[in-house]
Amino acid sequence: MGNRTHTRRFERLRREFLEDGRRLDAAGDPAADCWICHKRIDYHAEPGTTDLSHELDHYYPVSLYPDLQDDPANFRHAHRKCNRERGNGQPKLDLGDVIPAWW
């Protein structure tokens, strides 16, 4: 966390990213869902206030890649809880759909 800087530019980018997520969610686009658990985010809650509320997550953690903090290509929509559980590690791998027993 020591590498993180709070600049006006980053705060503007964070607001724009949240608004983009809200637009995508209103359109039913799954790109607005949490990139870690793939479930819908509660965009009605204030960001970072509940486990299911929106939090901007960095694919490459700022603690390890401080130069990517302001790079929108590094931004991901996430639940507050998922982001906090992930920390600066890699997300758990999604192994895909369960194959039916008859397969």
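Predicted model: local features only at pLDDT ≥ 70, side-chain atom pairs only at ≥ 80, totals over all residues.
The protein has a mean pLDDT of 88, and 84% of its residues reach 70 or more. Helix α2, which covers residues 80-86, has the lowest confidence in the protein, at a mean of 93, while β2 has the highest, at 97.

The cysteines come next. Searching the whole structure turns up zero disulfides. For Cys34, the closest cysteine sulfur is that of Cys82, and the two sulfurs lie 3.8 Å apart; a disulfide needs them within 2.5 Å, so this distance is too far for a bond. Cys82, likewise, takes part in no disulfide, its nearest cysteine sulfur being that of Cys34. Cys34 is buried, at 1% relative accessibility. Cys82 is also buried, because its relative accessible area of 14% falls under the 20% limit.

His54 is located in β1 and is buried, with 4% relative accessibility. Its side chain makes a polar contact with the side chain of His77, at 2.8 Å. Beyond residues up to four places away in sequence, His54 touches Phe17, Leu18, Ile41, Asp42, Tyr43, Pro47, Gly48, His77 and Ala78.

His58 likewise belongs to strand β1, and its relative accessibility of 4% makes it buried. With residues up to four places away in sequence left out, the residues touched by His58 are Arg4, Phe10, Leu68, Gln69, Asn74, Phe75 and Arg86.

The aromatic residues complete the picture. Five aromatic pairs are present in the structure. In one of these pairs, Trp35 and Tyr59, the ring centres are 5.3 Å apart and the planes meet at 50°, so the arrangement is tilted. This pair joins distant parts of the chain, with Trp35 in the loop between α1 (8-26) and β1, and Tyr59 in the loop between β1 and β2, 24 residues apart. Trp35 is buried, having a relative accessible area of 18%, whereas Tyr59 is partly exposed, at 28%.

A further aromatic pair is formed by Tyr60 and Tyr65, whose arrangement is edge-to-face, with 5.2 Å from centre to centre and 65° between the planes. Tyr65 is partly exposed, with 36% relative accessibility. Tyr60, too, is partly exposed, at a relative accessible area of 39%. Together, Trp35, Tyr59, Tyr60 and Tyr65 make up one aromatic cluster.

Apart from neighbours within four places in sequence, Tyr60 is in contact with Tyr65, Leu68 and Asn74. Leu68 and Asn74 are also among the residues that His58 touches. Along the chain, Tyr60 and Ala73 are 13 residues apart, and their C-alpha atoms are separated by 10.0 Å.

Notes. Residues numbered from 1 in each chain as written. Heavy atoms only, no water. Buried < 20%, exposed > 50% of the residue type's maximum accessible area, 1.4 Å probe, protein only. Contact = heavy atoms within 4.5 Å. pLDDT = per-residue confidence, 0-100. Helix = DSSP H or I, 4+ residues; strand = E, 2+ residues; numbered from the N terminus. Polar contact = N/O pair within 3.5 Å; in protein donor to acceptor, adjacent residues only side chain to side chain. Phe/Tyr/Trp six-rings, centres within 6.5 Å; stacked < 30°, edge-to-face > 60°.
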